[in-house]
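Please read it beside the coordinates.

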Amino acid sequence: MMELLLMAIVCAALVALLYRHYQIPIRHRWRRRQARTMCEQLRGPDRDQPAALHYARLRAMDPLAFEELLLEAFEQRGHRVIRNRRYTGDGGVDGEVIIDGRRWLIQAKRYRDAIKPEHVREFAMLCATRRRRGMFIHTGRTGGMSRTICSSADGIEIVSGQRLLALLTGAPFEADGLPSRDLPRRGPSGFRDRTVQ
């Protein structure tokens with residue numbers, strides 16, 4: 001009787017795992033695999049490549065796989081990540097991460113040029129509405145208008161340039177933008193996100 005009960009519990013657990021696995025659409029699994037592979041490369045053999053090469057690779061990625069890459073990088077650091085059930089219709093939030101008990105909203109953008117200030121403004125308003133901190137993470141350049149919007153909004157961080165590479169390569173990274181001994185100090189604008197083009 002005990003063996004039968006144990007067998008039923010094991011079968012129920014297997015069915016639950018299979019159901020959970022197949023609840024994730026195939027495209028999501030493909031993008032997660034791509035992100036996991038890229039994360040392993042950036043943290044391993046490709047870590048010391050020139051920054052320009054890293055940016056070129058990031059900008060060439062599928063935009064949704066780039067979102068997954070950022071979430072994977074936070075998971076690799078031991079943070080709890082909350083993924084959206086779907087990529088479209090996410091309301092402007094590409095995922096969430098919990099760092100030191102604080103929930104951060106993530107907005108990911110793959111830019112080649114300067115980021116659009118209206119995107120930063122919309123994300124800042126979304127974070128204010130939800131009463132959450134937010135990280136606007138991108139591969140482009142941060143213009144003066146975007147910096148002004150970010151500095152006037154409470155709890156919004158722009159992560160790009162060296163901070164983005166630190167996040168992805170496993171180097172020291174501070175979510176709240178506080179200076180780390182291994183990162184350059186803040187400049188006059190209050191940010192450390194010089195992006196190599």
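The points below go from the overall fold to single residues.

1. Basis. This is a predicted model: local features need pLDDT of at least 70, side-chain atom pairs count only at pLDDT 80 or more, and totals for chains, interfaces and linings use all residues. Residues are numbered from 1 along each chain as its sequence is written, and side-chain values use heavy atoms, with hydrogens and water left out.

2. Elements. The protein has seven helices and five strands. Helices (H or I, at least four residues) and strands (E, at least two) are DSSP runs, numbered from the N terminus. Their order from that end is α-α-α-α-β-β-β-α-β-α-β-α.

3. Burial and surface. Of the 197 residues, 43% are buried. Buried means under 20% relative accessible area, exposed over 50%, partly exposed in between (1.4 Å probe, protein chains only). The protein exposes about 11,400 Å² (Shrake-Rupley method, 1.4 Å probe). Carbon and sulfur atoms supply 54% of that area.

4. Contacts. A contact means heavy atoms within 4.5 Å. Take the contacts between residues at least 6 apart in sequence: 59% of them join residues at least 24 apart.

5. Sheet. The five strands form an open, mixed sheet in the order β1-β2-β3-β4-β5. Two strands pair if DSSP finds at least two bridges between them. β1 (80-82) and β5 (156-159) are the edges, each pairing on one side only. The twist averages 25° from one strand to the next. β4 and β5 run parallel and are joined by four bridges. Gly134 has Ile156 in β5 as its bridge partner.

6. Helices on the sheet. Angles run from 0 to 180 degrees between N-to-C directions, with axes fitted to C-alpha atoms, for helices over the stretch in contact. Helix α4 (residues 63-76) lies across β1, β2 (95-99), β3 (102-109) and β4, at about 150° to β3. Helix α5 (residues 117-130) packs on the sheet and touches β3, β4 and β5; its direction makes about 155° with that of β4.

7. Thr142. This residue sits in the loop between β4 (133-138) and α6 (144-152). Thr142 counts as buried because its relative accessibility is 9%. Its side chain makes a polar contact with the side chain of His138 (2.9 Å). Such a contact is a pair of N or O atoms within 3.5 Å; within protein, one must be able to donate a hydrogen and the other to accept it, and residues adjacent in sequence count only if both atoms are side-chain atoms.
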